[in-house]
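Here are some notes for a colleague reading through this model. They take the form of numbered points, each of which can be checked against the coordinates.

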Amino acid sequence: MTVNRRTVTLIIIVVIVVGGVYGITLWQRARETQQMLSDLMSRDHGVATKAMTGLRDRTGAVSDNLISYLDRGHDDVRWRAAMLLGAVNTRASREALIDALRDPSPDVRLNAALSLGHLGATKTAARIAMLAADAGEPVAVRTAAVRALELLRAGEQMATVVEILEDRPPVPEPEEETEEEAETEGTAEAEEPAEEEEEEEPVDETAPLREEAARALARIAPVAPAAAGEEGSASEASPILRAADILRDSVDPEVEPSDVVRQAACYALSDLAEATADDEVQARAVKALIFALDDEIGDVRIAAAHALRLLRPPTELAERVGDAFDRAVNDSHYWVRHAARKAVEGG
Amino acid sequence: MDEGTRQQVTWTIILAVVLSVVVLAAYRRAEVDMLLADIATGPPAERVEAVRRLVHKQKLMEALEDEPRWVQDRAVSAATLIGTEETMFQLVAAKSVVDAPVQAEIDTYLTHVGASSIGPLVMALQDKDAAVRGGAGGPLKTIGAPAVASLMPLIDVYDDAVRGLVSSTLGGIGEPAIKPLLRVMQQEEPGPDQGPAAFRRAKSAAEAAFKAMGEPAMKPMIEDLLPHENPEVRLAATGVLGAVAAALEEDGGVPAVRPLIERLTEDDAWAVRRKAASALGGLGEVAVDEGAVQPLIGRLKDGRPEVRAAAAQALGALGDPAAAQPLATLLLTNRRGATAEIAEALVKIGQPAIAPLTPALDHPEAAVRLVAAETIATIGTSDAVLPLGKALTDPEVKVREAAADALRNLADRRVLHQLIAALGDSESRVYYAARDALARMGEPAIPALLGALGSANTRVAYMAEQALARIGGPAVEPLIQWLQSGSPGARQWSGIALGAIGEAAVEPAAELLLSSGAGAEARAAAARALGATGSHSATEPLINAVKSSAAPTQVRQQAVRALGEIGDERATSTLVEALEDPAREVRATAMDVLKDWRLGDVDEKLREMLASEREAAVRRAAIVLAKHSLAASGELMRAVGAVEERVAAGSEKVRSALESIVTDSSAPDTLRREAIEGLAFVGDEESLDALAPLLSIDSQFAETAAKTVGGIGERTIAPTERGEEVKVGQAAELLLDVFDAAESRQLRLVAGSGLALMGAQPVQPLLERMKSGPEERKRWLAAILGAIGKPATFPVLDARGKAEDEKLRNWHAVTLVMIGDARAMDLIEQLPKDQKPDPKNVRASREIYSDLQKLL
């Protein structure tokens, strides 16, 4: 094949132009990356967030920078680096993140735990579980650690999750009118009541943590080893059955004071039941959800109605489920009625 | 490859591409639904993946809108496992479309991930979508101090909405935001990278943030900014301090009062003094308790009117009576630039301000008097009545109006005489207000109002009558008394007032009407009053009065008229019987009333009377029946079926009765005239014999008779179709003869007026007459044809087209000018100049035309 000189010249020019454009693009990208790395150190979270979004596509190229920032940047830079390293699945980044679990900044520990969860670093589950169980840690850090365990599906850490879920404040006593108060009501004394400062209800600070634990339990119980179950009877040796019982307790307003946790437990029961074909698990979940359908909080009833709709109730419970939905069709809350109608209509 | 194969390959490729596009489009449409189904019913891992894809496509918000609660709940819990900044941003955005409990769930998550959520929240705060922006403020306030550094750079952004959110968020964060905000407030000039506009924006946003902060902002204002050497900084701090302190409950604002008084009394900058005054005014009782009133009174003597105005406004807001006198003095001596504020302050002080203000009503300047009057009027307490009564006599209209308006709802007997005098004011607003005030005053005003009924000034009497009518029941007895003892004018107005009162006046007025001991004038007035009530319960006493032979004629006559006004069917027999009343006045009034009476079996009764042998009764019945005829009721009413032919039976008798009256020269003139008029509705060509003798220059009935003949002519000749020859009846012939023979102008006018009523009938004969004869007569013909109007247009145009004589054509043109309808005027406009109507003839014809119109 003969190629004339003009053709050769043309090809050379094209190659040079393409090469030049590619080179310039690379140079620009490198400059952009440097700028973003610089912005990552900004005290302004808005600027840094834009940089983080940009760097997500090029974490591989900047992983060394991120690892170094994790080691010696200021607090904000360290947690940002920890967050971004959640997309860099290398040994170096995992090791850096494991070290970061002991960082003095809670924001760094929080993001390091979550990033390890995203990376699937199952070997770090025990370390993360320690973080989750540490009552001295801020709730936000412990919650992130539980999320990480959920992402890792760390079955062997089920005990930690159960412990967190069951570490709940006592249910407040219902306000009952004493006989003495009833007698004084309407009398002259009642018009001038003694000035009593109303005691403020203590804030349930760990509710978000327990909420996350309920969700996590549904994901990790199916993969938990049998040893993780409670010692004793054979039936209770099954971690999934034990999880069903714990979640059943968590939908009980006389046990679990937080409606947010009860709601999460309802959804978790459906997740748990879906992960197994065990009829006993189905039956326990169904009974718990029927019970939750009478919760005084509408949001819990919504979750219960929807979760119940997703289950496959054993034959002997089918009638009870039907009755429960028939009652729920007349519920005061729109979404409960909606879910019940869908269940009744087979939608 | 042969051609066929290549074509097949090409088509296959095209089809594959199209199919791919269709499949892709269908998939993209269904993708969000599939992802939502995964979220609703899928296992946890699938849910997380579905949410991750929605976040990646930036469709999380769009997808969650209107979804069931469980989808929203599960999407949010899956999103918390993803935890990237983009996910957090989209969760903030989704807050605007999810249910309130799910919003709370998102907020809990965002405030429990440490500093990670600040960036996404700050970005959401700057979003172009207001709903997205609105979701960021709450979590940022909860996060608090760590968010300040990211919010401060946004304090001078151009977008007002974003800046407002930044301010309120920083305010909500509170203490941790104070230092950076103070730096902005203390900044005296724009920074190196900041333009003047951005500098101003930052300042005002910082002020807004401090105001939103509330109590924590007070200390930095007092300690750091009020002593600042830059007056603009002090000004801003004064404003913030005032706003913050005013919003605090109970004694929360106390610490602000002393520093504000210091600024008010000591600051060199008048703007700061003014702001301090306004701020103190906003503090209310707290400022009063802490002694702000005297310093504010002191500032009423400030050299700057702006400060005086602000001090006045503040004193008004504080409402301390001690400020009333100084404010009134300021109004009298140095009000320039602060008039409105002084007035407003005095109004707020209220009653204690009236006494100090009263001397201002004598001020030589009308503007001061007006402000004083308006202020007293607005205060509007009982003490304001006397000064306002005095202001009713002010020479300035606006002052009187202000006083009168206020007294409308305020007046009492202390200003009775001023109000009665104000009924004669030249301004309607004043005398109407006085009327309303007197009416509202009620019984105490009655004697004075009765006196005003006899006023020579009709408007005063009218206003008094309206006031009495509104007083109603309590005024009835005095008005009845007044009917008996007042002047004729007063009696008349009393009757009107009683009529306007209505039902409540019926019984006492009826008693007076039937009281034989009362004077005839009073009883007649009582009858008028009863008629004016329009009440059917007045019918019975009025009937009794008409039937009472002992009652004076005047009383019976007024009773008949009153029955006519009430229009109660029960009065029909009485009215018909009244046609035979011994008194002529009563008979005449009854006839007048019956002409318009269509109630009950009136025609039946009249026909019975017509059949009687009593000649006088027959004649009057005939006249009334003629007026009730279909022709008299008018074409329009006939067309809508509102009138039935009532006199069909016996109409011959009516006609002959009327003719007998017409020909009876001994009959009263009014009766003859009524009969002539009646024949216009029931007469026929035979009636012309009776009417013809009246068409003479010597007859006083010539005009009426001519119109009647015209009416008969128009009614007895059936209308013709277009193009058909118009018949000329005997009535037209009669009038044409009279016209031809008439030598006097008056008789020609009389004949012309009758002809003008006949429509098309006399047109051709008149046009024939126009062809010959003297010019002077042609003016008459043109005027009569003009009075006939539209029916003459076509015949005149036709005649003009046929005429060859230029003069005659010109007379036709003159006639068209007289007719003056659109078609005629079109022709006149198109005529060549030399054929235009002769102006002299037009003038002469128009003069006759005008006289004809007067007769018609």
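1. Contact here means that heavy atoms lie within 4.5 Å. By that criterion, and leaving aside neighbours within four places in sequence, B:Pro395 is in contact with B:Arg369 and B:Arg400. The model is a predicted one, and each value below should be read as computed from it.

2. B:Pro395 lies in the loop of chain B between α25 (385–391) and α26 (397–407). Is B:Pro395 buried or exposed? Because its relative accessibility is 68%, and exposed means over 50%, B:Pro395 counts as exposed. In space, the C-alpha atom of B:Pro395 is 8.8 Å from that of B:Ala366, although 29 residues separate the two in sequence.

3. B:Asp425 also belongs to a loop of chain B, the one between α27 (416–422) and α28 (428–441). With a relative accessible area of 9%, where buried means under 20%, B:Asp425 is therefore classed as buried. Not counting residues up to four places away in sequence, B:Asp425 touches B:Leu392, B:Arg400, B:Val430, B:Tyr431 and B:Arg459.

4. B:Thr333 is part of helix α21 of chain B, which covers residues 324–333. This residue has a relative accessibility of 60%, so B:Thr333 counts as exposed. The C-alpha atoms of B:Thr333 and B:Val368 are separated by 10.0 Å, while the two residues are 35 apart along the chain.

5. Turning to helix packing, helix α40 (residues 615–627) and helix α43 (residues 651–663), both of chain B, pack with their axes 9 Å apart and at an angle of about 115°; the crossing of α40(B) and α43(B) is left-handed. From α40(B), the residues B:Val618, B:Arg619, B:Ala622, B:Ile623, B:Leu625 and B:Ala626 meet B:Val654, B:Ala657, B:Leu658, B:Ser660 and B:Ile661 of α43(B). Sorted by class, this contact of α40(B) with α43(B) comprises nine nonpolar residues, one polar residue and one charged residue.

6. How many helices and strands are there in chain B? Chain B has 54 helices and zero strands, and of its 856 residues 54% count as buried. Among contacts in chain B between residues at least 6 apart in sequence, 68% join residues at least 24 apart. The accessible surface of chain B is about 37400 Å², and carbon and sulfur atoms account for 51% of that surface.

7. Chain A has 18 helices and zero strands, and 48% of its 347 residues are buried. For chain A, 67% of the contacts between residues at least 6 apart in sequence join residues at least 24 apart. The accessible surface of chain A comes to about 18300 Å², with 50% of it belonging to carbon and sulfur atoms.

8. The contact of the two chains takes 41 residues from chain B and 39 residues from chain A. About 3300 Å² is buried between chain B and chain A, and carbon and sulfur atoms give 58% of that area. B:Trp70, B:Leu81 and B:Glu85 supply 24% of the area that chain B buries against chain A, which is more than any other three residues.

Terms used:
Residues numbered from 1 in each chain as written. Chains lettered and ligands numbered in written order. Predicted model: local features only at pLDDT ≥ 70, side-chain atom pairs only at ≥ 80, totals over all residues. Heavy atoms only, no water. Axes fitted to C-alpha atoms, helices over the stretch in contact; angles between N-to-C directions. Helix = DSSP H or I, 4+ residues; strand = E, 2+ residues; numbered from the N terminus. Left-handed = near helix turned anticlockwise from the far one by under 90°. Nonpolar A, V, L, I, M, F, W, Y, C, P; charged D, E, K, R; others polar. Buried < 20%, exposed > 50% of the residue type's maximum accessible area, 1.4 Å probe, protein only. Areas by Shrake-Rupley, 256 points an atom, 1.4 Å probe, with all protein chains shown as cover. Buried area = accessible area lost by both parts, 1.4 Å probe.
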